[in-house]
Amino acid sequence: VRETLPVREEGFIFTYRERNAMREDIATLPSGFQYLRLEHQGKPLTVVATHAITYPGDKLDTPARLAQSRKMKDFLKSVPGAHIVCGDFNLMPQTESIRMLEEGMRNLVKEFGVATTRGTLNEEKYRGQEIQKFADYMFVSPEITVDSFEVPNIPISDHLPLILQFS
């Protein structure tokens, strides 16, 4: 966010459980997405960032993960203009949840042939386990012109940064 992109609205929407719902089991950790509705070149732009359901760790579809993707899609349908959706979806590329988000959106991780969104710190964190190469995605609506998209191998966390330049 910067002064040249006026924020018109911001919020957080829970897609799994609700605020303060976590109990002793980390699988009860609530999740959702934050959003900003901006004005870009005189037109509405909604940016969504998520940290989605963490468990189970296989990152495959579950009823809760499918419901989460539907809630996000419903939100996007309710706001006019262009959309950028990004974050840690905790999903594998072949899931129905990802296919649902690809409907009407460009999956930049797929389109740009990104080999992994997880870095060397992920390999260290999960040493001895099968390494999952994906968790993070960036989707853009057709109105977005992608000037560049990259996922540089910078070890700042167990996730790599997703960098989008657009017009």
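## Getting to know strand E6

In this predicted model, strand E5 (residues 106-107) has the highest mean pLDDT among the chain's elements, at 98, while helix H4 (residues 120-125) has the lowest, at 63. Over the chain, pLDDT averages 88, and 86% of the residues score at least 70.

**Exercise 1.** Work out whether Met138 is buried or exposed.

*Solution.* Start by placing the residue: Met138 sits in strand E6 (residues 136-140). Next, take its relative accessibility, which is 5%. The cut-off for buried is under 20%, so Met138 counts as buried.

**Exercise 2.** Sort the residues of E6 by the way they point, and say how covered the strand is.

*Solution.* One way go Asp136, Met138 and Val140; the other way go Tyr137 and Phe139. Now check burial: five of the five residues in E6 are buried, making the strand mostly covered.

**Exercise 3.** Find which strands pair with E6, and in which sense.

*Solution.* Take E4 (residues 82-88) to begin with: five bridges join it to E6, and the two run antiparallel. For a specific pair, look at Ile84, whose bridge partner in E6 is Val140. Then turn to E5, which pairs with E6 over two bridges, again in the antiparallel sense. Here Asn107 has Phe139 as its bridge partner in E6.

**Exercise 4.** List what Met138 touches beyond its neighbours within four places in sequence.

*Solution.* Go through the contacts in order: Ile84, Val85, Cys86, Arg106, Asn107, Leu108, Val109, Phe149, Leu162 and Leu164.

Notes
Residues numbered from 1 in each chain as written. Predicted model: local features only at pLDDT ≥ 70, side-chain atom pairs only at ≥ 80, totals over all residues. Heavy atoms only, no water. pLDDT = per-residue confidence, 0-100. Helix = DSSP H or I, 4+ residues; strand = E, 2+ residues; numbered from the N terminus. Buried < 20%, exposed > 50% of the residue type's maximum accessible area, 1.4 Å probe, protein only. Contact = heavy atoms within 4.5 Å. Pairing = 2+ DSSP bridges.
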